[in-house]
Amino acid sequence: MSTLTTPGPGVGSGVGRTALLVAAARAIETRRPDAPARDPYAEHFVRADPGCANWPSDPAQVSPDDPLWGRLAGYFALRTLVLDDHLLATTSCGVRQVVLLGAGLDSRAHRLPWPPGTTVWELDRPEVLAYKEHVLKGLGQEPSADRRTVPVDLREDWPAALCAAGLDPAEPVAWLAEGLLLYLPPAAERHLIGALDGLSVPGSTLAYEVKLGPESSAVRAHPTYTAARERIGVDLITLFAAGPRPDTAADLTARGWHTAVRTPFDHAHLHPRGPRPERDDPLAANRWVFATKRLSP
């Protein structure tokens with residue numbers, strides 16, 4: 001048996017375990033008849049990790065009021081739908097380069113109907129991509145785009161690695177940082193955005209998620225946080241980057257991008273289990289940002 005069936009560093013603990021949490025949420029939602037976005041690979045990623053053996057995958061096992069597998073799973077399903085739609089809309093306008101930063105267990109290269117000629121690059125740490133590749137190889141499924149993995153720590157010279165893997169910086173790029181910036185220190189976030197901007201010609205797009213902060217003690221005591229910590233060992237609060245966050249949307253605007261900042265609740269009508277605001281709600285601090293690089297600043 002391959003040693004990859006046991007998660008290595010970065011997969012079964014820390015930020016890597018959040019990738020399994022998101023995959024488990026997608027697996028639960030995929031089994032629902034009214035799923036807003038289906039990910040047939042998600043359950044395989046979760047079941048390949050023995051540390052997730054007791055995690056549910058059947059929605060019949062989940063109460064809608066469950067703060068972890070109910071509400072948080074609905075949130076991740078909605079986020080998946082919105083970002084899927086964003087990427088497909090971008091490629092429908094002619095962009096053929098898609099880059100997933102901190103790709104984790106994202107299966108978009110396989111499950112989305114990409115236009116012919118689309119290339120999808122997945123950037124993440126080597127151990128995360130190795131775990132993912134092991135699972136996908138066992139399923140024997142081919143991607144629907146030209147999928148290229150780039151095993152690199154995003155604190156390293158990832159732009160050079162990405163270009164070496166075939167990215168053409170003279171052509172537009174659809175960038176996605178779905179669950180990445182939440183965990184980056186402010187300086188790392190600013191550096192990543194600067195590097196990304198340098199590889200983006202007009203017509204490029206970027207979608208990312210950030211969390212405003214700091215959160216109050218009442219928010220930090222919310223059942224969403226305590227359930228994740230006590231039931232599956234994911235302490236989200238300690239993983240989120242501390243301190244004031246940079247205003248990346250304003251930075252992008254100054255660099256010549258048009259930006260639109262949304263809350264998850266702005267999109268909740270798209271999904272019957274999409275989150276609605278609650279008291280002391282951790283999701284109230286989340287922002288989804290969509291940016292397009294313009295012809296001129």
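Threonine 205 counts as buried, at 6% relative accessibility; buried here means under 20% relative accessible area, exposed over 50%, and partly exposed in between (1.4 Å probe, protein chains only). This threonine is found in strand E5. Helices (H or I, at least four residues) and strands (E, at least two) are DSSP runs, numbered from the N terminus. Leaving aside neighbours within four places in sequence, threonine 205 is in contact with His86, Thr90, Val173, Ala174, Trp175, Trp257, Ala291 and Thr292, where contact means heavy atoms within 4.5 Å.

**Ground rules**

This is a predicted model, so local features need pLDDT of at least 70 and side-chain atom pairs count only at pLDDT 80 or more, while totals for chains, interfaces and linings use all residues. Residues are numbered from 1 along each chain as its sequence is written, and side-chain values use heavy atoms, with hydrogens and water left out.

The pLDDT (the predictor's confidence in each residue, from 0 to 100) has a mean of 91 for the protein chain, and 94% of the residues reach 70 or more. Residues 1-10 are the stretch to watch: their pLDDT is below 50, and beyond near neighbours in sequence they have 19 contacts in the model. Where pLDDT is low, the predicted coordinates should not be read in detail.

Helix H7 covers residues 186-198, 13 residues in total, and reaches 19 Å from its first C-alpha to its last. That is close to the 18 Å expected at 1.5 Å a residue, the expected span being 1.5 Å times one less than the number of residues. Its buried residues are Pro186, Glu189, Leu192, Ile193, Ala195, Leu196 and Asp197.

Take aspartate 197, which lies in H7 and is buried with a relative accessible area of 11%. What does its side chain make a polar contact with? The partner is the side chain of lysine 293, at 3.1 Å. A polar contact is a pair of N or O atoms within 3.5 Å; within protein, one must be able to donate a hydrogen and the other to accept it, and residues adjacent in sequence count only if both atoms are side-chain atoms. Not counting residues up to four places away in sequence, aspartate 197 touches Arg255, Trp257 and Lys293.

Glycine 203 sits in the loop between H7 and strand E5 (205-211) and is partly exposed, with a relative accessible area of 31%. Its C-alpha is 33 Å from that of glycine 243, 40 residues apart along the chain.

**Nonpolar cores**

A nonpolar core is a set of buried Ala, Val, Leu, Ile, Met, Phe, Trp, Tyr and Cys residues joined through side-chain atoms within 4.5 Å. The largest one has 57 residues, and Trp55, Leu68 and Trp69 have the most contacts inside it. Helix H3 (residues 67-92) supplies the largest share of this core, 10 residues. Apart from it lies another core, of 29 residues, among them Leu123, Leu167, Leu181 and Leu192. In soluble globular proteins, nonpolar side chains tend to be buried together.

As for tryptophan 69, its contacts, not counting residues up to four places away in sequence, include Leu21, Ile28, Trp55, Pro56 and Arg231.

**Salt bridges**

How many salt bridges does a search of the whole structure find? The tally is 23, a salt bridge being a side-chain nitrogen of Lys or Arg within 4 Å of a carboxyl oxygen of Asp or Glu. Here are some of them.

| Pair | Closest N and O atoms |
|---|---|
| Arginine 71 and glutamate 278 | 3.1 Å |
| Arginine 71 and aspartate 281 | 2.6 Å |
| Lysine 132 and glutamate 122 | 2.8 Å |

Arginine 71 is buried, with a relative accessible area of 11%. Aspartate 281 is in the loop between E6 and E7 and arginine 71 in helix H3, so this pair links distant parts of the chain, 210 residues apart. Aspartate 281 counts as buried at 6% relative accessibility, whereas glutamate 278 is partly exposed at 39%.

Lysine 132 is in helix H5 (residues 126-139) and glutamate 122 in strand E2 (residues 119-124), so their pairing ties together parts 10 residues apart in sequence. Lysine 132 is buried at 0% relative accessible area, and glutamate 122 is buried at 0% too. Elsewhere, salt bridges that share partners join Arg26, Arg79, Asp84, Asp106, Arg108, Arg111, Glu178 and Glu209 into one network.
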